[in-house]
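This report describes how two chains are arranged against each other in a predicted model.

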Amino acid sequence: MINGISIYEILTLTTIIFFIGVYGFLTRKNLITMLLSIELILNASAINFVVINTYLFPENLQGVIFSIFVVAVAAAETALAVAIIINLYKLVASVEVEDTEIMKF
Amino acid sequence: MVFFAIKAVSSRKMLRAVIYLLFVLIGISGIYFLVDYTFMAAVQLAVYAGGVIVLIIFSVLLVHHIELRLELSSLSQRIVSGILSLVGIGLTLFAIYTYEFSPVENYNSIEVAQIGNLLLSYQEGGFILPFEVISVLLVAVMIGAIVIAKGKKLER
């Protein structure tokens, strides 16, 4: 735990970052900036896990290990999303959400 | 960190949004350093600031005209999203502040040996199964990325 900082303050910080990510995801029209908002959401939740673990239950390490999984899944998903976006750009020549409206069938 | 996050979601130039996100991720790694979780702080810096941000910057440079300003959503959409986010923040903060957390005094840092032992242990509370599942996921992601990047022209 951090000396002098209570758990409420860190949880407030992660909540604000999480909802800034949600706002960014709902507002942006570009696929890559939506990806950035998703990264904000995932990182805020990962800090939440670690902070609750080290402040309230220091003997178990479950939150700590789960944050490793969250980072692994987020990195893998970002890599695949970038691959899909570049493939889409070859097809449609744009990365705006409104231009990707036609499905295959 | 909150300032950089707000700038990241509201900037009109794409490369600046990515750089603001880089600052937010470095700040998050700083928080990991403060709770004595040095392993995850280093992993965060290496994976996110080294890997993911570089990947996103490459894709931005490939698909974007750098001097183009991004267009914003319509004002009504932004206001509704802003109100929804504020309601969400209020609800979550209300739930957090009305709960009595009982923090425990704890000054030990988290050892990498402990994490390694937990990840590979078969006993109660071991994490061997999620470990294997993550390995399968990473293999699937690699195969998927290769298939997507290969394209269709090689099949003829």
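Leaving aside residues up to four places away in sequence, Val50(A) touches Gly63(A), Val64(A) and Ser67(A) in chain A, and Tyr32(B), Val35(B), Tyr37(B) and Met40(B) in chain B. Val50(A) is also one of the residues through which H2(A) meets H3(B).

**The helix pair.** H2(A) packs with helix H3 of chain B, residues 38-63, at an angle of about 175 degrees, and the two axes are 12 Å apart. Angles over 145 degrees count as roughly antiparallel, and H2(A) and H3(B) are therefore roughly antiparallel to each other. On the side of H2(A), the contact is made by Ile32(A), Leu35(A) and Val50(A); H3(B) contributes Met40(B), Ile56(B), Ser59(B) and Val60(B). The residues of this contact comprise six nonpolar, one polar and no charged.

In soluble globular proteins, nonpolar side chains tend to be buried together. In this model the largest nonpolar core has 53 residues, and Ile32(A) and Val50(A) have the most contacts inside it. Two or more residues of this core come from each of H1, H2 and H3 of chain A, and likewise from helix H1 (2-10), helix H2 (14-34) and H3 of chain B. H2(A) gives the largest share, 11 residues.

**The chain contact as a whole.** Across the two chains, 55 residues of chain A are in contact with 64 residues of chain B. Helix H1 (7-27), helix H2 (31-56) and helix H3 (62-92) of chain A each supply at least two residues of the side that touches chain B. H3(A) provides the largest share of that side, with 20 residues. The table divides the side of chain A that touches chain B by residue class.

| Class on the side of chain A that touches chain B | Number |
|---|---|
| Nonpolar | 41 residues |
| Polar | 12 residues |
| Charged | two residues |

**Leu26(A).** Helix H1 of chain A contains Leu26(A). Is Leu26(A) buried, exposed or partly exposed? Leu26(A) counts as partly exposed because it has 18 C-beta neighbours inside 10 Å, whereas a buried residue needs 20 or more. Leu26(A) and Ser37(A) are separated by 11 residues in sequence and, from C-alpha to C-alpha, by 9.1 Å in space.

**Domains of chain B.** The domain assignment divides chain B into domain 1 (2-110) and domain 2 (111-156). The C-alpha centres of domain 1 and domain 2 of chain B are 25 Å apart.

How values were computed
Residues numbered from 1 in each chain as written. Chains lettered and ligands numbered in written order. Predicted model: local features only at pLDDT ≥ 70, side-chain atom pairs only at ≥ 80, totals over all residues. Contact = placed C-beta atoms within 7 Å. Helix = DSSP H or I, 4+ residues; strand = E, 2+ residues; numbered from the N terminus. Nonpolar A, V, L, I, M, F, W, Y, C, P; charged D, E, K, R; others polar. Buried ≥ 20, exposed ≤ 12 C-beta atoms within 10 Å, placed from the backbone. Domains from an automatic or database assignment. Axes fitted to C-alpha atoms, helices over the stretch in contact; angles between N-to-C directions. Parallel < 35°, antiparallel > 145°, perpendicular 65-115°, else oblique. Core = buried A, V, L, I, M, F, W, Y, C linked by C-beta atoms within 7 Å.
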